Amino acid sequence: MKRQPDDRPWPVYASEDETQWLIVSGIGRVASAAATGYLAALAAPPRSACWLNFGIAGHPSLELGEMRRAGKVIDAATQRVWYPAEVTRTAPKADVLTTVDQPSSDFPGGGLVEMEAAGFFPTASRLATRERVQVVKVVSDNAQETFEKSITPARVSAWVAASLPDLLNYADALRAIAREVGDRGCDRGDLLDVAEFRLTVTQRLQFERLVERLDALGGVDADRLGGLWNGVTSGREALRILEGELADRPIHFG
Amino acid sequence: MDTIYVEEAVRDHVRTRELLQRFPKAAVLPCDSYGEVFNPHGQDFRLQKKNPALIVAEKRGTMVLPTPPGYGIGPKRNFYFSHLLNCLYDCRYCFLQGMFRSANYVWFVNYEGFWSAIEEQAAAAKTAGQGVCFFSGYDCDSLAMESVTGFGADVLDRFVDLPSALLELRTKSVGIRCLKEREALDNVVVAFSLTPAEVAAAVEHKAPSLERRIAAMRDLAERGWKIGLRLDPLIDYADFSEGYRRLVEAIFSEVPESSVHSATFGPLRFPKEMLSRITKLYPQEKLFAVPFELRADGLASYPEERETSLRAHVGDLLAERLGSERVFDCVAPVEAAENR
């Protein structure tokens, strides 16, 4: 990933093809929510994109360096709760995660404790469904080694480096999910390239659905359909033609 | 099971404890109410079908619900109930994918509540001198998750003591051990959902093949269990007429007519909004690409003339074998489910 120009409010990195982005939000829920919103505006990702918050967290009993996914996010300040839904089989094991506003040696919730997820999750889940918004943390302190003693830049770097293979594996699985969601529709806007009529927004939606249905029932011959537009001067007429095409197409199985 | 959510109220329930012992590696996460996990907006049912979590919950409120008028297999009073929400299988026509926001399984472990409600309704029907039937398997498959829930074994135990009430266990599962391990009960119908083999292969993902279901029916029939044939929803396709003829022939080549308690069939119908949600999940699914007609009752279905002809054809095929008294033209309780 390449660092983006320095005049950004947060450090931002992007892959060469700009399909993967990273923003370093800094500490706290507000920073996390704001950075998520900023990245959404900057990168303008497709609606099928996945969002992953990665960072460090305390845990009462797990070993330092262990990685966990948040299966339940609790905002300690408001007691609001979210449940990220996991659909891959490569995800780190789930645990309860509590977001607090001040560093703490207590472990409310009995699971992970950190300072960002309750800002990130509700923001990112406006941009994607809950399966595509995930929070993954590496344990940086526990009941034996509290954060004051445990967390140093060098140790954090070492834990993150050790976690990277699993994290990248998980990120690959999320990218596959994003591709799958992105591929659901049937993009046949090309059918309109040869048309001389205009469609209203509603007609455009109807047109796309009709083409999708034709596609499902055996495909659309672009050349032939292109020819059907000869002499068609209105969107309504075009929709009627597509409906006619659909009328006698039964489903074939086997 | 990778992740199991457990409602606090049933954390110490015996069925919860047994479950957690069986899945020691699963992440167990507490929740106050299953709805916190199951109901929020912004979930993708289709994605969740890849790896559903299990939510262990307590069923509250009304435990058994009346079926819509006209739905039944003989008795005057008809109720349905669900110990599970969602299904192991992934049938493309299933209304659950349009009704629930989440594909996670919700398992209600307080079976005792179901038994009380069933006993109450059974007693009321007996007092009124009317027959009563309880249908299991509309928000789930009755037997597909038997190894996790043990529901089949438990419900059969209960109906031993309710001879005046009829139980329908609706399923596509061939996991029928809980039935094979005991004597057949006269007041239980094991009802298999069936579509022609080519339809089942194309749209009933993860479900046992038609051939295996028929073999399971034969096995149960040989052991004295009453079999229900459930040909709904009827799926329209190019080879509908011959496909359903072959289906009926395949069934009766293995299952004696005398073992069949009843046969039902019903149209493919969805409330308009439900169809819209399902279509958005599967925009390229051919089942939803054919024209649907919006009826006055708000349900979308095949054009009326076509639907009538499908129903007549399948009704005739079944009546030829069973006589009309064992054949029921039913509308599944999807509308009731949507409105509850």
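Predicted model: local features only at pLDDT ≥ 70, side-chain atom pairs only at ≥ 80, totals over all residues.
**Helix α11 of chain B and its two partners**

- Helix α11 of chain B covers residues 240-254, helix α13 of chain B covers residues 304-322, and their axes come within 10 Å at a crossing angle of roughly 25 degrees.
- Angles under 35 degrees count as roughly parallel, and α11(B) and α13(B) are therefore roughly parallel to each other.
- On the α11(B) side, the residues that meet α13(B) are Phe240(B), Ser241(B), Tyr244(B), Arg245(B), Val248(B) and Phe252(B).
- Facing them from α13(B) are Leu310(B), His313(B), Val314(B), Leu317(B), Leu318(B) and Arg321(B).
- By class, the contact of α11(B) with α13(B) has 8 nonpolar, 2 polar and 2 charged residues.
- α11(B) also meets α10(B): the axes of these two helices come within 9 Å and cross at roughly 35 degrees.
- The crossing in which α10(B) passes α11(B) is right-handed.
- α10(B) brings Leu210(B), Ile214(B), Met217(B) and Arg218(B) to this contact, while α11(B) brings Ala250(B), Ile251(B) and Glu254(B).
- The contact of α10(B) with α11(B) holds 5 nonpolar and 2 charged residues, with no polar ones.

**The build of chain B**

- Chain B contains 14 helices and 18 strands.
- The C-alpha trace of chain B spans about 55 × 45 × 35 Å along its principal axes.
- Chain B has a radius of gyration of 19 Å, which agrees with the value near 20 Å that a compact globule of 340 residues would have.
- Of the 340 residues in chain B, 49% are buried.
- If you take the contacts in chain B between residues at least 6 apart in sequence, 79% of them join residues at least 24 apart.

**Where the two chains meet**

- The contact between the chains involves 32 residues of chain A and 27 residues of chain B.
- Three elements of chain A give two or more residues to the side that touches chain B: β5 (67-75), β7 (94-99) and α5 (201-216).
- Of the residues on that side of chain A, the largest share comes from α5(A), with 4 residues.
- The side of chain A that touches chain B divides into 14 nonpolar, 7 polar and 11 charged residues.

**Helices of chain A**

- Besides giving residues to the side that touches chain B, α5(A) pairs with helix α7 (residues 235-247) of chain A: their axes come within 10 Å and cross at roughly 20 degrees.
- That angle makes α5(A) roughly parallel to α7(A).
- The crossing of α5(A) past α7(A) is left-handed.
- From α5(A), this contact takes Gln203(A), Gln206(A), Phe207(A), Leu210(A), Val211(A), Arg213(A) and Leu214(A).
- From α7(A), the contact takes Gly235(A), Ala238(A), Leu239(A), Leu242(A), Glu243(A), Glu245(A) and Leu246(A).
- The contact of α5(A) with α7(A) is made up of 8 nonpolar, 3 polar and 3 charged residues.
- Helix α2 (residues 117-124) of chain A is mostly covered, with 7 of its 8 residues buried.
- The buried residues in α2(A) are Ala117(A), Ala118(A), Gly119(A), Phe120(A), Phe121(A), Thr123(A) and Ala124(A).

**Backbone details worth a look**

- Asp232(B) and Pro233(B) are joined by a cis peptide bond, with omega at about 5 degrees.
- Pro233(B) belongs to strand β13 (residues 226-234) of chain B.
- Ala44(A) is a residue other than glycine with a positive phi, near 40 degrees.
- Ala44(A) sits in the loop between α1 (29-43) and β4 (51-58) of chain A, and Ala44(A) counts as exposed because it has 9 C-beta neighbours inside 10 Å.
- Lys206(B), also a residue other than glycine, has a positive phi near 70 degrees.
- Lys206(B) is found in the loop between β12 (204-205) and α10 (210-222) of chain B.
- Lys206(B) has 12 C-beta neighbours inside 10 Å, so Lys206(B) counts as exposed.

Conventions. Residues numbered from 1 in each chain as written. Chains lettered and ligands numbered in written order. Contact = placed C-beta atoms within 7 Å. Nonpolar A, V, L, I, M, F, W, Y, C, P; charged D, E, K, R; others polar. Rg over C-alpha atoms; globule rule 2.2 N^0.38 Å. Buried ≥ 20, exposed ≤ 12 C-beta atoms within 10 Å, placed from the backbone. Axes fitted to C-alpha atoms, helices over the stretch in contact; angles between N-to-C directions. Parallel < 35°, antiparallel > 145°, perpendicular 65-115°, else oblique. Left-handed = near helix turned anticlockwise from the far one by under 90°.
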